[in-house]
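Dear colleague,

Here is the structure that I promised to pass on to you. Please open it beside this message and follow along as you read.

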Amino acid sequence: MALGTANAQENVLNLYSSRHYQTDEGLYANFTRLTGIRINRIEASEDALIERIRNEGERSPADVLVTVDAGRLWRAEQLGFFQPVKSALLDARIPANLREPGGLWYGFSLRARLIAYNKAKIKPGELASYESLADPKWQGRICMRSSTSLYNLSLMGAMIDHLGEQKAQAWAGAVKANLAREPRGGDTDQLKSVAAGECDVTVSNQYYYARLARSAKADERVIAEKVGVIFPNQASWGTHVNISGAGVMKNAPHREAAVTFLEYLASDQAQRYFAEGNNEWPAVAGVKPDNPVLASFGTFKRDAINVAVLGRNQPRSQKIYDRVAWK
Ligand SMILES: [Fe+2]
């Protein structure tokens, strides 16, 4: 695949990333080898990075922001961070539903929000959809993280799109009434709670499960062994999926290099590095993940809505969680 060429004064790229994985060295070194563009990396947690760019203002040296969740990319978009990119290559490689329609940001890997359950207590056929978590039979048996979590806000964004706001709110209220405890912790904490029997079922992104399953620590592998996962809504609108993605900053000092970098991220080799770093699926169709846990899942029906909808619905999602007092 031909990558755009950068001119001599643009042989540097300032990359702000909230992703940092073992595969990064290979990902970035390969880019520099192919293009001659050196990468300066600024790494911080998701929200810290957005705050930093905000504080830097118009003189921010950032060329590209890489972060996770379409809901967070939407927040960055709302802050006016990005400029639109027009690239025939990106349009051809990245599925239309995994990028912002105006080219402000692009998804480069895919995550799915799964139902996870305690195998000793639940048979897989008992749960087939997110909607089924609202059944009163799960009273006192569900663990969930807080409603301020972007993962839950984005899931609600999809539910609003598919069910309408009224039904989505009824769902949230019913799931909240089924909680075994107040929402707390991250996805890994929910999986640990399920394995420990504090609750029987939860939702989690697949890579938290995969990390436990592939862990070097035996006690973490035991957690994964006790937990089964379900790809919800295979008979209806598909499993809720989200992205890790990137956009070119509005005031990028090295705009051409920034576009070249996004195009590079869509290449077969970079797709494998980018997805594998976090046990995610490549965004580009036809690039096979080299990951034993993802391979064990097989293929599944994904929600086809544009991930930009998840961000657009975010204010409504938060209101729904607030109205049902989901902490
Ligand atoms: Fe995460």
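The iron ion is coordinated by the OH atoms of Tyr151, Tyr207 and Tyr208, at 1.8 to 2.1 Å, where donors are N, O and S atoms within 2.8 Å of the metal (3.2 Å for Na, K and Ca), and where water is not among the atoms, so sites may look incomplete. Along the chain, the donors of the iron ion follow the spacing Y-x55-Y-Y. Please keep in mind that this is a predicted model, in which local features need a pLDDT of at least 70 and side-chain atom pairs count only at pLDDT 80 or more, while totals for chains, interfaces and linings use all residues. Residues are numbered from 1 along each chain as its sequence is written, and side-chain values use heavy atoms, with hydrogens and water left out.

Both Tyr207 and Tyr208 are buried, a word that stands for under 20% relative accessible area, with exposed meaning over 50% and partly exposed in between (1.4 Å probe, protein chains only). They are listed among the buried residues of helix H8, together with Gln206, Tyr209, Ala210 and Leu212, and this helix, which spans residues 206-213, is mostly covered, as six of its eight residues are buried. Helices (H or I, at least four residues) and strands (E, at least two) are DSSP runs, numbered from the N terminus.

Helix H2 (residues 46-56) is another element to look at, with Leu49, Ile50 and Ile53 buried. These residues lie on the same side of H2, because they cover an arc of only 100 degrees around the axis, the arc being that of the directions from the helix axis to the C-beta atoms. An α-helix has 3.6 residues a turn, so residues three or four places apart point the same way. The buried residues of H2 pack against strands E1 (12-17), E2 (38-43) and E3 (64-68) and against helix H3 (70-78), and just after H2, Gly57 takes a positive phi of about 60 degrees.

Most residues other than glycine have a negative phi. Asn233, although not a glycine, has a positive phi of about 60 degrees; this residue is found in the loop between strand E6 (227-230) and strand E7 (241-248), and it counts as buried because its relative accessibility is 1%. Ala325 also is not a glycine and has a positive phi of about 60 degrees, but its place is in the segment after H14, and it is partly exposed, with a relative accessible area of 48%.

Lys327 is likewise placed in the segment after helix H14 (314-323), and counts as exposed because its relative accessibility is 53%. Leaving aside residues up to four places away in sequence, Lys327 touches Ser146, Ser147, Glu182 and Pro183, where contact means heavy atoms within 4.5 Å. Lys327 and Pro183 are 144 residues apart in sequence, yet 6.2 Å apart in space, C-alpha to C-alpha.

As for the whole protein, its secondary structure comes to 14 helices and eight strands, and buried residues make up 56% of its 327 residues. The average pLDDT, which is the predictor's confidence in each residue, from 0 to 100, is 95, and 97% of the residues score at least 70.

With best wishes
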